[in-house]
Amino acid sequence: MRPTTLLVLAAAVAAVVSACSFSSSTSAPPSDAWGSVDLVSPQDENPDPNVLEVRIDAAEITKSYAGGAPAKVWAYNGTVPGPLLDVKVGDRVIVHFSNHLPEPTTIHWHGVRVPAAMDGTLMMQSPIPPGGTFDYDFTVKDAGFFWFHPHVQGDSQVRKGLYGALRVRGRDEPTVDHEALLMLGDITVQPDGTISDYLDDTSRMMGREGKTLLVNGRAEPTLPVRAGSLQRLRFVNVANGRFFNLAAPGVRWRVIGTDGGFLPQPYDADHLLIAPGERYDVVFVPSGPPDSEIVLLDDPYDRGHDSAGEPSLPLAKLHVTAEHPLDGRALPDRFPEIERLPDGVVDRKITLAEGLANGEVTFTIDGAAYPDVPLWDVAKGSVERILFENASEMDHPMHLHGVFFQLLESGGVAVAPSSLANKDTIIVPKKGSLKVVARFEEPGNWAYHCHILEHAEYGMLGEIRVR
Ligand code: C2O
Ligand code: CU
């Protein structure tokens with residue numbers, strides 16, 4: 001046998017072995033543990049390896065942040081963040097949900113292509129009253145890092161702590177030494193331990209920003225990394241208003257995925273700008289002497305109305321351990337192609353603006369605030385080009401429910417074919433425009449809105465009817 005044949009054979013055996021080990025288990029790989037910021041997976045009550053069946057209860061709990069006094073927060077299954085649901089493509093997810101909060105609520109599965117009746121919006125579901133229950137039941141079609149949160153009074157409920165993670169593994173997961181899911185948020189706890197719903201003018205304009213930055217519910221955690229190891233970090237921004245402009249001096253991220261899964265062509269970046277709702281999946285190899293630190297920072301970014309004046313804030317510290325450095329780790333540089341959506345047959349234009357109504361700031365879509373935003377009627381199967389024009393002085397991260405979309409143009413300039421990506425939330429820059437394409441396959445009524453939750457709550461939300 002010639003050496004090349006041997007190599008091919010070895011690769012084939014390895015492929016079979018990894019395929020088997022993948023399909024026989026829905027649990028996270030052993031490399032997952034990161035102590036203080038690990039998310040908790042609820043018990044799977046279903047013996048079928050292709051079904052995850054869990055209970056999620058929403059209730060008020062007390063939790064202290066950054067060593068402060070106990071705060072009254074709202075939690076799924078008693079933790080903030082809530083649970084991590086860990087599944088693989090094609091699995092069925094059944095969630096028996098109970099609402100023990102004093103307010104009605106729902107669960108929206110952000111980015112997951114579920115049937116409309118499972119999407120948790122009031123367009124398709126009555127709010128679950130205090131003491132009420134609801135069973136969410138859907139099959140996951142796409143690999144990626146998704147999250148879930150209420151879609152009733154989102155600006156108040158998400159901020160109080162209601163958010164959790166859904167990780168869907170696919171066939172093309174890279175082999176890494178360590179992987180972590182990091183939910184980035186912020187909070188301000190009042191001296192009396194409450195999370196205030198008060199909305200001052202700045203918060204109404206910019207979305208509420210908390211004073212304490214959180215990584216999986218912890219302020220400035222220290223996380224161990226081994227020099228030379230291949231690290232995979234998957235970020236989601238769960239904050240109401242804050243954009244995270246992530247950097248770690250000395251680190252260049254290789255961006256391998258975003259909202260809707262892997263990028264066929266990864267790219268390298270020093271900063272990751274993550275707006276509320278967005279996800280970024282990156283790999284990097286930490287270096288540095290034993291016991292040195294790599295600081296993860298939220299750098300200033302001007303999202304409008306002179307918001308760039310803030311200092312760089314520390315988010316977490318990566319502590320380089322004393323272990324012997326690993327070597328020879330290579331960053332993945334290709335993932336399988338994803339389907340490029342056809343060019344689209346229908347053109348839509350959506351204008352985003354801010355205005356005043358009765359002396360209050362409002363956020364509008366085509367001149368109207370929800371529920372007066374004109375309904376957008378779409379034929380099932382239709383592929384549409386949507387031009388978002390942002391007439392306002394600030395960025396709006398627009399989120400479409402039920403679909404992924406692909407960016408075609410930014411400011412009238414076509415994007416490079418190599419940056420093909422499936423997104424569900426995207427920053428429409430201040431005084432700028434974006435053109436995206438989406439295919440609407442799932443019938444029902446779907447929301448689209450700005451993911452600055454105060455903007456969605458005060459008008460910048462519309463409805464798409466697919467039939
Ligand atoms: Cu993550 Cu309609 O929301
Ligand atoms: Cu907005």
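This is a predicted model: local features need pLDDT of at least 70, side-chain atom pairs count only at pLDDT 80 or more; totals for chains, interfaces and linings use all residues.

How many nonpolar, polar and charged residues does the lining of the largest pocket have? The table gives the classes, in which Ala, Val, Leu, Ile, Met, Phe, Trp, Tyr, Cys and Pro count as nonpolar, Asp, Glu, Lys and Arg as charged, and the others, Gly among them, as polar.

| Class | Lining of the largest pocket |
|---|---|
| Nonpolar | 11 residues |
| Polar | 7 residues |

Residues are numbered from 1 along each chain as its sequence is written, chains are lettered from A and ligands numbered from 1 in the order in which they are written, and side-chain values use heavy atoms, without hydrogens and water.

The copper ion (ligand 2) is held at 2.0 to 2.1 Å by His396 (ND1), Cys450 (SG) and His455 (ND1), donors being N, O and S atoms within 2.8 Å of the metal (3.2 Å for Na, K and Ca), with water not among the atoms, so sites may look incomplete. Along the sequence these donor residues follow the spacing H-x53-C-x4-H. Cys450 counts as buried because its relative accessibility is 0%, where buried means under 20% relative accessible area, exposed over 50% and partly exposed in between (1.4 Å probe, protein chains only); His455 is likewise buried, with a relative accessible area of 0%.
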